[in-house]
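Here's a quick tour of one protein model, written for someone just getting started with structures. Keep the 3D view open and find each piece as you read.

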Amino acid sequence: MDISNKKLFKQQCFINGEWIDSEDNQVLEVNNPATQDILGTIPNCGKNETKIAILAAEKSWTNWKSKTAKERSGILKKWFKLIEENHEDLSKIMTFEQGKSINESRAEITYGASFVEWYAEECRRVYGDTIPDILEDRRTIVIKQPVGVVGAITPWNFPSSMITRKCAPALAVGCPVIIKPASQTPYSALALAALAEEAGFPKGTINVITGSAKDIGFELSTNPIVRKLSFTGSTEIGKILLKQCSSSVKKVSMELGGHAPFIVFEDAEIDAAVDGAMLSKFRNSGQTCVCANRIYVHEKIYDEFIDKFTKKVNKIKVGNGMEETTISGPLIDQYSLKKVQEHIDDAVNTGAKIATGGKLHSLGGTFFQPTILINVTKKAKITYEETFGPVAPIYKFSSEKEVIEMANDSPYGLASYFYSRDIGKIWRVAEALEYGIVGINTGIISKAETPFGGIKESGLGREGSRYGLDDFLEIKYINIAGI
Ligand code: NAP
């Protein structure tokens, strides 16, 4: 891998402060989705190695939770500084294994690091409460304590920030973590672990284990020592993990799939809405949980919006993410490519028209043409299922009531967006959308300071902001009598 700091490219797991192979020395290969080159291997670990990591984390807990918030904050700040110092190498590792453009990788490393910095600051403000008691001789206080050992399972579409978004708050409040990254993008996780080691986290506090998702996931979700499972990934796997977690009644956070509506009202600034739709839809080649999946445009501005949007989409440069001018990289694998093509074919068969794109890109592999579908109907699969690709389906609407009904007609409830300059409508629609996140006159909504998360089948819990700390804390009520 062409990076300056070779120490960041690790092909072993990090457990109890040691770099280790799997028990039976079995490995999995990791490839570059842009070239199909094999980048390297990772240990194919399973239940036994996971148990070892869990015991190591448990052992480290007593020491880690008893450090002062200031001490933990200091180590997190060092980690943040090291991430910043190795920013370019971390960005390259991400583009090599994930395929996204190098500029998007740079933005993700900045975004991911922001959680480490923010929680290094915020962990010093884990305040409790005092509650006036009803009895004269009593005093009541509420304190917050770390939940314990945390299992963190993360997806391939944001290989670095999905780790820091859950692990920074967990570590900050005193919880040790065992990270299971996606098998397609493990090197970003292992590079973060290498920097955590250098930052001085005590051994066992941060562990990264790679290999069989089913076996590692089963152990992390059923072992009673793990007190919290934080998962980011598909709703399908989230439901399996929720069931497994019930056996030991674990605290859970589930950041699952999304199917974001993106509404452009007749009073919107059309150019701004087009720019917002470009960012929201085509970032990471459409492979984000907050991507605009259904674009609803008012009938009065429908043609103008499509015309402007199509011109911009036709300018997207598709290519190997390592080329500075690339905007859109390849899809992660053939399975994703097949799903994208299926959604397009099905939409066309149910009445939609292709305004641009619609096919495999001339570069071959898993490169796909940025696509716009118009006049999409309710019957199309794309109207209800996450596509996870560079396909923008556009729907026409005529009233506020109608579009809210269409927007809410989904089992998902993660992100939603709309464009309007009418303050009354802004309040009405923001309150009516059944989503955890509403972006108004913007296509980008993620930041460390704000609570990210969904309702309905998009998940449970929040990441980012002060609410993100609560997910790793237990509340203890203390009642003192005989004062
Ligand atoms: P996925 O297939 O659910 O995989 C996510 C993680 O779960 C990976 O580490 C995977 O490991 C692991 N996994 C797979 N099967 C498992 C099992 N039986 N038990 C335990 N772990 C298991 O999702 P993905 O395809 O990587 O990611 C895309 C999905 O994530 C989309 O639905 C997207 O919307 C969602 N997402 C949500 C958010 C959010 O914040 N709400 C953010 C990003 C992505 P392997 O890689 O080894 O299979």
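**A helix on a sheet**

Let's start with helix α11, which covers residues 334-349 and lies across β14, β15 and β16. The helix runs at about 25° to β15. Keep in mind that this is a predicted model. Below, we go through the sheets, a hairpin, the ligand's surroundings and a handful of single residues.

**The seven-stranded sheet**

- The strands that α11 lies across, β14, β15 and β16, belong to an open sheet of seven strands.
- Reading across this sheet, the order goes β14-β15-β16-β13-β12-β18-β19, and the pairing is mixed.
- Which strands sit at the edges? They are β14 (353-356) and β19 (437-440), and each of them pairs on one side only.
- From one strand to the next, the twist averages 25°.
- Zoom in on β15 (residues 371-374) and β16 (residues 391-397): these two pair in the parallel sense, over three bridges.
- As background, strands of a sheet pair through backbone hydrogen bonds, either parallel or antiparallel.

**The three-stranded sheet**

- There's also an open sheet of three strands, in the order β5-β6-β22, and here the pairing is antiparallel.
- Its edge strands are β5 (129-131) and β22 (473-480), each pairing on one side only.
- Ignoring direction, neighbouring strands of this sheet are turned by 25° against each other on average.
- How many bridges link β6 and β22? Eight, in the antiparallel sense.

**A closer look at I141**

- I141 lies in strand β6, which spans residues 139-146.
- Buried, exposed or partly exposed: what is I141? Its relative accessibility is 29%, so I141 counts as partly exposed.
- Setting aside neighbours within four places in sequence, I141 is in contact with D129, T130, K476, Y477 and I478.
- I141 and G128 are 13 residues apart in sequence, and their C-alpha atoms are 7.4 Å apart in space.

- Strands β3 (residues 27-31) and β4 (residues 38-43) pair in the antiparallel sense over five bridges.
- Within this pair, N31 stands opposite I38 in β4.
- The hairpin has six residues between its strands, and Q36 takes a positive phi near 65°.

**Around the ligand**

- How many residues surround the ligand? There are 28, and the closest are T154, S183, S234, L256 and E386.
- W156 has a polar side-chain atom 3.0 Å from an oxygen atom of the ligand.
- G233 takes part through its backbone: a polar atom there is 3.3 Å from an oxygen atom of the ligand.
- With E255, it's an N or O atom of the side chain that lies 3.3 Å from a ligand oxygen atom.
- On its own the ligand has 920 Å² of accessible area, and the protein covers 86% of that.

- G17 lies in the loop between β1 (13-15) and β2 (18-20).
- G17 has a relative accessible area of 25%, so it is partly exposed.
- Leaving out neighbours within four places in sequence, G17 is in contact with E197, K203 and G204.
- G17 and C291 are 274 residues apart along the chain, and 37 Å separates their C-alpha atoms.
- Where is N375? Look in the loop between β15 and β16.
- The phi of N375 is near 55°, a positive value in a residue other than glycine.
- N375 is partly exposed, because its relative accessible area is 34%.
- N441 is found in the loop between β19 and β20 (455-456).
- N441 isn't a glycine, yet it has a positive phi of about 60°.
- With a relative accessible area of 27%, N441 is partly exposed.

Technical notes:
Residues are numbered from 1 along each chain as its sequence is written. This is a predicted model: local features need pLDDT of at least 70, side-chain atom pairs count only at pLDDT 80 or more; totals for chains, interfaces and linings use all residues. Side-chain values use heavy atoms; hydrogens and water are left out. Two strands pair if DSSP finds at least two bridges between them. Helices (H or I, at least four residues) and strands (E, at least two) are DSSP runs, numbered from the N terminus. Axes are lines fitted to C-alpha atoms, for helices over the stretch in contact, and angles run from 0 to 180 degrees between N-to-C directions. Contact means heavy atoms within 4.5 Å. A residue is near a molecule or strand if one of its heavy atoms lies within 4 Å of it. A polar contact is a pair of N or O atoms within 3.5 Å; within protein, one must be able to donate a hydrogen and the other to accept it, and residues adjacent in sequence count only if both atoms are side-chain atoms. Accessible areas come from the Shrake-Rupley method with a 1.4 Å probe; for residues, only the protein chains shown count as cover. Buried means under 20% relative accessible area, exposed over 50%, partly exposed in between (1.4 Å probe, protein chains only).
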